[in-house]
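Biologist: I am new to this structure, and I would like to learn how to read its features one at a time. Could we look at it together?

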Amino acid sequence: MMNNIENREVLQAITSCTNVVPKRKEKTGDMAMLTREERRRRRRATQKYRTAHATRERIRVEAFNVAFAELRKLLPTLPPDKKLSKIEILRLAICYIAYLNHVLKS
């Protein structure tokens with residue numbers, strides 16, 4: 001049986017061992033000393049990244065607006081061509097679904 005002194009020596013040897021976890025290769029250049037967040041900020045600051053992000057966002061917003069337009073076509077309003085905001089479309093859709101549920105239960 002190992003005594004407490006031997007246990008401490010083994011524990012110390014294990015915890016102080018530097019060969020257990022392989023070290024990462026050091027990067028050379030400007031990016032080596034930056035934190036992960038700083039590298040992310042630099043990458044996002046490039047013109048190429050901003051242009052690509054703006055394009056993706058434009059496509060996302062366009063798809064969002066198309067979905068609202070399709071939902072708007074399904075909702076009854078007076079007059080039928082009345083322009084509704086997105087929140088009005090959502091509220092009207094909620095009310096219309098509740099009304100249709102009521103009709104089904106009757």
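Predicted model: local features only at pLDDT ≥ 70, side-chain atom pairs only at ≥ 80, totals over all residues.

Biologist: How many helices and how many strands does the protein chain have?

Modeller: The protein chain has 4 helices and 0 strands, and, read from the N terminus on, its elements run α-α-α-α.

Biologist: What share of the residues in the protein chain is buried?

Modeller: Of the 106 residues in the protein chain, 8% are buried.

Biologist: Which residues make up the largest nonpolar core?

Modeller: The general idea is that nonpolar side chains tend to be buried together in soluble globular proteins. In this structure the largest nonpolar core has 5 residues, namely Phe68, Leu75, Leu84, Ile89 and Ala93. If we take Leu84 and leave aside its neighbours within four places in sequence, Leu84 is in contact with Arg72, Thr77, Ile89 and Leu92.

Biologist: How many aromatic pairs are there, and how should I read one?

Modeller: A pair of aromatic rings is described by two quantities, the distance of the centres and the angle of the planes. Here the count comes to 2 aromatic pairs. In one of them, the rings of Phe64 and Phe68 have centres 5.0 Å apart and planes at 70 degrees, and because an angle over 60 degrees counts as edge-to-face, that is how this pair is classed.

Biologist: Is the pair of Tyr96 and Tyr99 stacked or edge-to-face?

Modeller: The ring centres of Tyr96 and Tyr99 are 6.5 Å apart and the planes stand at 20 degrees, so this pair is stacked. These two residues are 3 residues apart in helix H4, residues 86-105, and are therefore separated by about one helical turn. Tyr96 has a relative accessibility of 28% and counts as partly exposed, and Tyr99, at 48%, is also classed as partly exposed.

Biologist: Which charged end sits over the ring of Tyr49?

Modeller: That is the charged end of Arg56, which sits over the ring of Tyr49 at 6.0 Å from its centre.

Biologist: How many salt bridges does a search of the whole structure find?

Modeller: As a general idea, side chains of opposite charge can pair when their charged atoms come close. A search of the whole structure finds 3 salt bridges. One of them joins Glu37 with Arg40, whose closest N and O atoms are 3.0 Å apart; both residues lie in helix H2, residues 36-44, at a spacing of 3 residues, about one turn of the helix. Another joins Arg41 with Glu37, where the closest N and O atoms are 3.7 Å apart, and these two residues of helix H2 are 4 residues apart, again about one turn.

Biologist: Are Glu37, Arg40 and Arg41 buried, partly exposed or exposed?

Modeller: Glu37, at 34% relative accessibility, counts as partly exposed, and Arg40, with a relative accessible area of 27%, is partly exposed too. Arg41 has a relative accessible area of 56% and is exposed.

Biologist: Which residue forms a salt bridge with Arg60?

Modeller: The partner of Arg60 is Glu57, and the closest N and O atoms of this bridge are 2.8 Å apart. Arg60 and Glu57 both lie in helix H3, 3 residues apart, which is about one turn of the helix. Arg60, at 46% relative accessibility, counts as partly exposed, and Glu57, with a relative accessible area of 32%, is likewise partly exposed. Elsewhere, salt bridges that share partners join Glu37, Arg40 and Arg41 into one network.

Biologist: Where is the place of Ser106?

Modeller: Ser106 is found in the segment after H4, and at 70% relative accessibility it counts as exposed. A polar atom of the side chain of Ser106 lies 2.8 Å from the backbone oxygen of His102.

Technical notes: Residues numbered from 1 in each chain as written. Heavy atoms only, no water. Phe/Tyr/Trp six-rings, centres within 6.5 Å; stacked < 30°, edge-to-face > 60°. Buried < 20%, exposed > 50% of the residue type's maximum accessible area, 1.4 Å probe, protein only. Lys NZ or Arg CZ within 6 Å of the ring centre and 35° of its normal. Core = buried A, V, L, I, M, F, W, Y, C linked by side-chain atoms within 4.5 Å. Contact = heavy atoms within 4.5 Å. Salt bridge = Lys/Arg side-chain N within 4 Å of Asp/Glu carboxyl O. Polar contact = N/O pair within 3.5 Å; in protein donor to acceptor, adjacent residues only side chain to side chain.
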